[in-house]
Amino acid sequence: MSSRGFILYLVSSFSFAVLSALFLTNHVHDSNKVSLLNSDVSGTHKVWPELEPSWKLVLGTVIGFLGSACGTVGGVGGGGIFVPMLNLLLGFDTKSAAALSKCMIMGASASSVWYNLRVPHPTKEVPILDYDLALLFQPMLMLGITVGVALSVVFPYWLITVLIIILFVGTSSRSFFKGIEMWRQETLFKKEMTKKRAILVNSCGEDKTVRIDTKFEPLIPKEEKSALEILCFNLRWKRILVLIVVWVSFLLVQVIKASPLHPLCHSLLYSILLMQYLLFGLQNDVKICSTWYWVLFGLQFPIALLVFGYEAVKLYKENKKMISTGSLEYICEASIEWTPMNIAFCALCGIVGGVVGGLLGSGGGFILGPLLLEIGVIPQVASATATFVMMFSSSLSVVEFYLLKRFPIPYALYLTSVSVLAGFWGQFFVRRIIACLGRASIIVFILSGVIFASALTMGVIGIDKSIQMINNHEFMGFLGFCTNQ
């Protein structure tokens, strides 16, 4: 499936699903409406089981460990696996399961980033984290998450399930075929290298056979860097500072919207935001759908567009400069030309990834991981960059959920610890396998497998709950944003 065919598949499928929901909304009598958020099926009522030794906890720990390990290696987080596990196996309600899945994604992403910072780039003398792509996608991803959370209130449960299945099946299939293509290229490359190393032809045309495993000393010995030197080389503090500023800006907007405000929020706002006194002088909490609510909601758009626009203009100017000089090198890890159309496409994909993260409770990596591969980023860098971006987006959600008291602290600490270990050891073992086999396409197959497994688990749960809603004669159309929070 080509890129255009994949986009056509998504647009047509999504349009059909949304039109079906609109049809149901317009043809169901208002008296039969039962809000999804007020029903037992939706999982609104808080259900927090006790943290105590049991076979369910052991099985959940194993699933969480494997999901975190594979998810971070593939650069997709694993929220599509965590939410069903927490909901069905451990017994949490849907909203608490989504909040805890963010904790697990944050822990796994943080440990994965720490591991990757001590790993050199496999082919170049550049950081393994592509900060240009991180700055391009992070603001759009975080903006999309905000929009996705809002849409989760409006969209009916069955529509969210259908959209997730369509998206995950499409992206997993696309990634799988991408992995097959990379595997074939790696096979051809290994054959060519074997031929070149096995036979040497002298100037007289005679063959001299040598051992394939013969080691040759390079003419200029390569300088080996220590782990600390690699760590310092991979860190770009100015870029990281910009990402932190974006993170704090989104956090402040979300904190001001929180109702009621946590005492910690006051100290944060007083120390960072000069306008805090004015805002708190007007009211201590922001009512849903009030004027202040929409003003604060709208503040996130200029924040995201400002950072994205700066990075997009930078890439566009550098791209024009490279073309004018006739250079064949790429500006960043992506092997595409940074034309306005490609930049707009990346912005759209970033927002879509965030929306999916907001609807599902994941970190948006289900879009970002395959997208980075699609634009030509090698798997090792794609995985490292995607987990780096997810660390910021998931940690923002964790802080928000903590202030809203959406998850139990003991479970959050336990599952985050499991994910931290899983993220580190997952990266360790897969990097060793890649170094041994010489096949980076393994990362792509892991990514595809995690997305497909998420499509199955989320699909099964979504279909089951939708059937329950039908049996309970619940409203299956769009819900009101202001009346269903």
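**Close-ups of a predicted model**

Leu447 sits in helix α16 (residues 441-471); helices here are DSSP runs of H or I with at least four residues, strands are E runs of at least two, and both are numbered from the N terminus. This is a predicted model, where local features need pLDDT of at least 70, side-chain atom pairs count only at pLDDT 80 or more, and totals for chains, interfaces and linings use all residues. Residues are numbered from 1 along each chain as its sequence is written, and side-chain values use heavy atoms, with hydrogens and water left out.

**View 1. Leu447 and its surroundings.** Leu447 comes out as buried because its relative accessible area is 2%, and buried means under 20%, exposed over 50%, and partly exposed in between (1.4 Å probe, protein chains only). Not counting residues up to four places away in sequence, Leu447 touches Gly74, Val76, Ser175, Gly369, Pro370 and Leu373, where a contact means heavy atoms within 4.5 Å.

**View 2. Ser175 on helix α6.** Helix α6 covers residues 157-198, and Ser175 is part of it. With 3% relative accessibility, Ser175 is buried. Skipping residues up to four places away in sequence, Ser175 is in touch with Pro370, Val444, Leu447 and Ser448.

**View 3. Phe388 in the largest nonpolar core.** A nonpolar core is a set of buried Ala, Val, Leu, Ile, Met, Phe, Trp, Tyr and Cys residues joined through side-chain atoms within 4.5 Å. The largest one holds 106 residues, and the members touching the most others are Leu86, Leu372 and Phe388. Once neighbours within four places in sequence are set aside, Phe388 contacts Val113, Leu129, Tyr131, Ala134, Ile240 and Leu243. As background, nonpolar side chains tend to be buried together in soluble globular proteins.

**View 4. Arg239 and Asp132 in a salt bridge.** A salt bridge needs a side-chain nitrogen of Lys or Arg within 4 Å of a carboxyl oxygen of Asp or Glu, and the model has 4 of them by that rule. In the Arg239 to Asp132 pair, the closest N and O atoms are 2.7 Å apart. This pair ties together distant parts of the chain, with Arg239 in helix α8 (residues 237-257) and Asp132 in helix α5 (residues 131-154), 107 residues apart. Arg239 is partly exposed at 24% relative accessible area, while Asp132 is buried at 12%.

**View 5. Lys314 with Asp132 and Glu318.** Asp132 also pairs with Lys314, at 3.1 Å from N to O. That link again joins distant parts of the chain, helix α5 for Asp132 and helix α11 (residues 291-325) for Lys314, 182 residues apart. Both Asp132 and Lys314 are buried. Lys314 bridges to Glu318 too, at 3.3 Å; these two share helix α11 and lie 4 residues apart, about one turn of the helix. Glu318 is partly exposed, at 29% relative accessible area. Put together, Asp132, Arg239, Lys314 and Glu318 form a network of salt bridges.

**View 6. Cys103 and Cys436.** Cys103 is buried at 2% relative accessible area, whereas Cys436 is exposed at 65%. How many disulfides does the structure hold? The count is 0, a disulfide being a pair of cysteine sulfur atoms within 2.5 Å.
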